[in-house]
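Have a look at it first.

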Amino acid sequence: MKLRILLADDHEIVRRGLRALLEKHEGWEVCGEASDGREAVEKALQLNPDVIIVDVGMPNLNGLDTTRQLLQHDPHFKIIVLTITDSDQVIREALDAGARGFVLKSDAARDLVSAVEALQNKRMFFTPRVNDLVLAGFLEKGQTVSRNEAPKLPTLTAREREITQLLAEGNSSKEVASLLNLSTKTVETHRSNIMRKLSFHSIRDLVVYAIKNNLIQIELPPPPKTPAGPAAA
Amino acid sequence: MTIRILLVDDHPIVRQGLKTLLEGHSDWEVIGEASDGAEAVEKAKDLSPDVMVLDVTMPRMNGLDACRVLRRQYPALEILFVTQHDSPQMMREALEAGARGYVVKSNAARDLLAAVEAVSQHRVFTALHSRTVPELREE
């Protein structure tokens, strides 16, 4: 029987690349694709895949909260988190959320097949770079990553994190209400609670918070002009 | 006539995705790949592509700097940016650097074929995502 894989990434071009990579492996099939976290949860519940590959930086519902929601629905889901960010915080959050694999997007062509194989064999997989980071953190701080550590967003509920991401992405309360099938009044209440809990006074504070806590990701432009020419190569 | 394309992006998985898309077109050939701007400049010399599909943010030499070098050295080469940056300012900078095309990565599957078609005929092709940088809403 084939191993069925669900891919969740907001870039179709990345999904194409991942699909091409995974389908070269005999006995594996990509059973579905999702372009954001919410769609990933829906499709996972419909398709019941063996492995789910989830990008961290997705709109509407980021990959870390997607992982949390998926495992709330079914703790047996096997999830690999795929990310452009190799920050200690993202690694900790991914582990805390319950991901069983962590692969950097830049290393995906090399590591993703090994990661899926590991999960297929009921093991976990972390890229060598991630192992190095975790080890460095262990040596520096004298402690290892623990699932019992306090999460980075201790004061926000899952619903509040979802709403924070949607507001930080530029949605109005009305739009958030529509996306989450809630009343505008309910969203407004959540919004007030979020602002109060975090002691924020403006949506700008919330955007900064969302970026710092990986609820949304931004790509910075390259630094201003560097000396061009063969010497710069 | 076959259009010979060089793909430049620091993520192999993105190059793979672009390649599967471009190779669906019978008259186009992906003749090589590079993972940063400096390697793109080297490979352009060796492979003489007709079109280069170039990312902006890359290690060693970014796409904008590579584009400036390439335009000086190979005036016939057409450069098409495929980038994460959904920004009119970045698009302007790319065109000023000498690119003929600009496509946002999130829409690449939709826009890339038309963009390569256009730039290979020395026409300009630019497309930003419909959702621009979010406005900050104070309610």
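In β5(A), Gly101(A) has Ile80(A) standing opposite. This is a predicted model, so to speak of local features takes pLDDT of at least 70, side-chain atom pairs count only at pLDDT 80 or more, and totals for chains, interfaces and linings use all residues. Residues are numbered from 1 along each chain as its sequence is written, while chains are lettered from A and ligands numbered from 1 in the order in which they are written.

β4(A), residues 79-83, runs parallel to β5(A), and the two pair over 4 bridges (pairing takes at least two DSSP bridges). β5(A) is covered on both faces, with these residues all buried (20 or more other C-beta atoms within 10 Å of a residue's own, placed from the backbone):

| Face of β5(A), residues 101-104 | Buried residues |
|---|---|
| One side | Gly101(A) and Val103(A) |

Zooming out, buried residues are 42% of the 233 in chain A. The chain has 10 helices and 6 strands, taken as DSSP runs (H or I, at least four residues; E, at least two) numbered from the N terminus.

Now the helices. α8(A), residues 173-180, packs on α9(A), residues 184-198, at about 115 degrees, with axes 8 Å apart; axes are lines fitted to C-alpha atoms over the stretch in contact, and angles run from 0 to 180 degrees between N-to-C directions. The two are therefore roughly perpendicular (65 to 115 degrees).

Note on methods. Angles under 35 degrees count as roughly parallel, over 145 as roughly antiparallel, 65 to 115 as roughly perpendicular and the rest as oblique. A residue is buried if 20 or more other C-beta atoms lie within 10 Å of its own, exposed if 12 or fewer, and partly exposed in between; C-beta atoms are placed from the backbone.
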